[in-house]
Amino acid sequence: MASKLSGKNACRGDKGEILLITGNRLSMRKWQELPSSHQQEQTAHSNDYETLGYVIRGRAVLRYDADWPDRDRATEEKSVPISALKSRLELTEGDSWIVPAGVVHAYEVMEHFEAIEATSPPTHA
């Protein structure tokens, strides 16, 4: 059966994301973030789901390290400093990206950033 979720009824997650809709195998959320002066203190993490994204507007840097030696620690403790991540992708309007499950990563928002992400398996706000 097809269904619809009105934007007025979308839930907010604990990180500020807006959960747009969730299905059995996929969920979609929207991020709206401003640059932060605390980005140097930000830590990286890994997830047990795959993330695909699309930039609506703004600019961010996706820092990641697919070879991080202790992914479990990154997931459990969320204490991997951004400066330790070896690779980076600059994300700007119209770009799409993917972060496979288990990859240690973090986003640095450079300009007001608005993006849509799809996750599989679904995440919940």
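This note sets out numbered points on the fold, the aromatic residues, selected contacts and the surface of a predicted model.

1. Overall fold. The protein has one helix and nine strands. Along the sequence, these elements follow the pattern β-β-β-β-β-α-β-β-β-β.

2. Burial and surface. The protein has 125 residues, and 38% of them count as buried. Its accessible surface comes to about 7700 Å². Carbon and sulfur atoms account for 50% of that surface.

3. Aromatic pairs. A pair of aromatic rings is described by the distance of the centres and the angle of the planes. In this model the count comes to two aromatic pairs. One of them joins Trp97 and Tyr107, with 6.0 Å from centre to centre and 65° between the planes. This pair is edge-to-face because its angle is over 60 degrees. Trp97 belongs to strand 8 (residues 96-99) and Tyr107 to strand 9 (residues 104-120), so that the pair links parts of the chain 10 residues apart. Both Trp97 and Tyr107 are buried.

4. The tilted pair. Trp97 also pairs with Phe113, at 6.4 Å centre to centre and with 40° between the planes. The arrangement of Trp97 and Phe113 is described as tilted. Here again strand 8, which holds Trp97, is linked to strand 9, which holds Phe113, and the two residues are 16 residues apart. Trp97 counts as buried because its relative accessibility is 6%. Phe113 likewise counts as buried, at 6% relative accessibility. Through these ring pairs, Trp97, Tyr107 and Phe113 are linked into a cluster.

5. Trp31. This residue is placed in strand 3. Is Trp31 buried or exposed? Trp31 is buried, because its relative accessible area is 11% and the cut-off for burial is under 20%. The residues that Trp31 touches, leaving aside those up to four places away in sequence, include Lys15, Glu17 and Phe113. The side chain of Trp31 makes a polar contact of 2.8 Å with the side chain of Glu117. Trp31 and Glu114 are 83 residues apart along the chain, yet their C-alpha atoms are separated by 5.5 Å.

6. Lys30. Strand 3 (residues 27-33) also contains Lys30. With which residue does the side chain of Lys30 form a polar contact of 3.2 Å? The partner is the side chain of Glu114. Residues up to four places away in sequence aside, Lys30 touches Glu17, Ile18, Leu20, Ile56, Glu114, Ala115 and Ile116. Glu114 is also among the residues touched by Trp31.

7. A nonpolar surface patch. Which residues form a nonpolar patch on the surface? The patch consists of Leu5, Ile21 and Met28, which together have about 220 Å² of accessible area. Leu5 is found in the segment before strand 1 (11-12). At 38% relative accessibility, Leu5 counts as partly exposed.

8. A cis peptide bond. Most peptide bonds are trans. The bond that joins Ser120 and Pro121, however, is a cis peptide bond, with omega at about -5°. Pro121 lies in the segment after strand 9.

Definitions and conventions
Residues numbered from 1 in each chain as written. Predicted model: local features only at pLDDT ≥ 70, side-chain atom pairs only at ≥ 80, totals over all residues. Heavy atoms only, no water. Phe/Tyr/Trp six-rings, centres within 6.5 Å; stacked < 30°, edge-to-face > 60°. Helix = DSSP H or I, 4+ residues; strand = E, 2+ residues; numbered from the N terminus. Buried < 20%, exposed > 50% of the residue type's maximum accessible area, 1.4 Å probe, protein only. Patch = residues over 30% accessible without salt bridge, like charges linked within 9 Å, V, L, I, M, F, W, Y side chains within 5 Å. Areas by Shrake-Rupley, 256 points an atom, 1.4 Å probe, with all protein chains shown as cover. Salt bridge = Lys/Arg side-chain N within 4 Å of Asp/Glu carboxyl O. Polar contact = N/O pair within 3.5 Å; in protein donor to acceptor, adjacent residues only side chain to side chain. Contact = heavy atoms within 4.5 Å.
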